[in-house]
Amino acid sequence: HQQRAALVTRLGGPARKMAHMLSPQEMMNGGVISGIQLDPVTYLLAALQQRFAALDEESRLACVTEMLAFGRKHSESINALLARYEVVRQRAATEGQFVMSVEGRALQILRASNTTPQQFLMILQPFGGRLPNTDAEFAALCTTLRRQGHILENVRGNSGSILQGPFRPA
């Protein structure tokens, strides 16, 4: 109940007013929501969520829209791009219940990474000139994009810089 009181002092506006409407019993012991007894902090957070959180369909649509609108940010490294893509993809799948085919994901990540037509052909050679259609092939595509991105971004120790030298004795 002390944690709940500390949380309420940090609230403002309608959320604070709503928290003050809880009965003394609810403030000390929590309450029951959907047949489950909740401690005071969880009860407060659940009550706030019921009144202020986005609706389920709004959350799902936001996740799907974020996935469909995915693009590279200015000066974003290939490592950051691929990591962010995986987070957005997972969120779309779990929260938005949206799963894109492997080919769709491959095309989307190739477009987001600003792949040139020449790079596109080279990257697809291991797949017979087609887009990957299995998760293993998609992982291989992402590895190729990382390797190529490291060279283009002059990441220290990339495979292209090793060919240029300087060479260090063992």
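1. A residue is called buried when its relative accessible area is under 20%. His150 comes in at 16% relative accessibility, so His150 counts as buried. You will find His150 in helix 9. Please keep in mind as you read that this is a predicted model.

2. Is Glu137 buried or exposed? With a relative accessible area of 18%, Glu137 is buried, because buried means under 20%. And what does Glu137 touch, once neighbours within four places in sequence are set aside? The contacts are Phe127, Arg130 and Pro132.

3. Now for the nonpolar interior. In soluble globular proteins, nonpolar side chains tend to be buried together. Here the largest nonpolar core has 21 residues, and those with the most contacts inside it are Phe70, Ile109, Phe138, Leu141 and Leu145. Which helices each supply at least two residues of this core? They are helix 6 (78-94), helix 7 (102-112), helix 8 (117-124) and helix 9. Helix 6 gives the most to this core, with six residues.

4. Not counting residues up to four places away in sequence, Ile109 touches Phe70, Leu81, Leu82, Tyr85, Phe138, Leu141 and Leu145.

5. Next, the rings. A pair of aromatic rings is described by the distance of the centres and the angle of the planes. How many aromatic pairs are counted here? The count comes to one. The partners are Phe70 and Tyr85, with 4.9 Å from centre to centre and 75 degrees between the planes. The arrangement is edge-to-face, because planes over 60 degrees apart are given that name. Phe70 sits in the loop between helix 5 (56-68) and helix 6, while Tyr85 sits in helix 6, so the pair ties together parts that are 15 residues apart in sequence. Both Phe70 and Tyr85 are buried.

6. One more ring deserves a look. Arg105 lies over the face of Phe138, at 4.5 Å from the ring centre. You have already met Phe138, one of the residues with the most contacts inside the largest nonpolar core.

7. How do helices sit against each other? Two packed helices are described by the angle between their axes and the distance between the axes. Helix 1 (residues 2-10) and helix 4 (residues 40-52) pack at an angle of about 35 degrees, and their axes are 7 Å apart. On the helix 1 side the contact is made by Gln3, Arg4, Leu7 and Val8, and on the helix 4 side by Pro40, Val41 and Leu44. These residues divide into five nonpolar, one polar and one charged.

8. Most residues other than glycine have a negative phi, and most peptide bonds are trans. Ser34 is not a glycine, yet has a positive phi of about 55 degrees. Its place is in the loop between strand 1 (31-33) and strand 2 (36-38). At 72% relative accessibility, Ser34 counts as exposed, because exposed means over 50%. Asn154 also has a positive phi, near 55 degrees, and is found in the loop between helix 9 and helix 10. With a relative accessible area of 64%, Asn154 is exposed.

9. The loop between helix 9 and helix 10 (159-164) also holds Val155. Is Val155 buried, exposed or partly exposed? At 28% relative accessibility, Val155 counts as partly exposed, because the value falls between the 20% and 50% limits. The C-alpha atoms of Val155 and Ser113 are separated by 16 Å, and the two residues are 42 residues apart along the chain.

10. Finally, have a look at Asp56, which lies in helix 5. At 57% relative accessibility, Asp56 counts as exposed. Asp56 and Arg10 are 46 residues apart along the chain, and 26 Å separates their C-alpha atoms.

Terms used
Residues are numbered from 1 along each chain as its sequence is written. This is a predicted model: local features need pLDDT of at least 70, side-chain atom pairs count only at pLDDT 80 or more; totals for chains, interfaces and linings use all residues. Side-chain values use heavy atoms; hydrogens and water are left out. Buried means under 20% relative accessible area, exposed over 50%, partly exposed in between (1.4 Å probe, protein chains only). Contact means heavy atoms within 4.5 Å. A nonpolar core is a set of buried Ala, Val, Leu, Ile, Met, Phe, Trp, Tyr and Cys residues joined through side-chain atoms within 4.5 Å. Helices (H or I, at least four residues) and strands (E, at least two) are DSSP runs, numbered from the N terminus. Axes are lines fitted to C-alpha atoms, for helices over the stretch in contact, and angles run from 0 to 180 degrees between N-to-C directions. Ala, Val, Leu, Ile, Met, Phe, Trp, Tyr, Cys and Pro count as nonpolar, Asp, Glu, Lys and Arg as charged, and the others, Gly among them, as polar. Rings of Phe, Tyr and Trp (its six-membered ring) pair if their centres lie within 6.5 Å; planes under 30 degrees apart count as stacked, over 60 as edge-to-face and the rest as tilted. A charge sits over a ring if NZ of Lys or CZ of Arg is within 6 Å of the ring centre and within 35 degrees of the ring normal.
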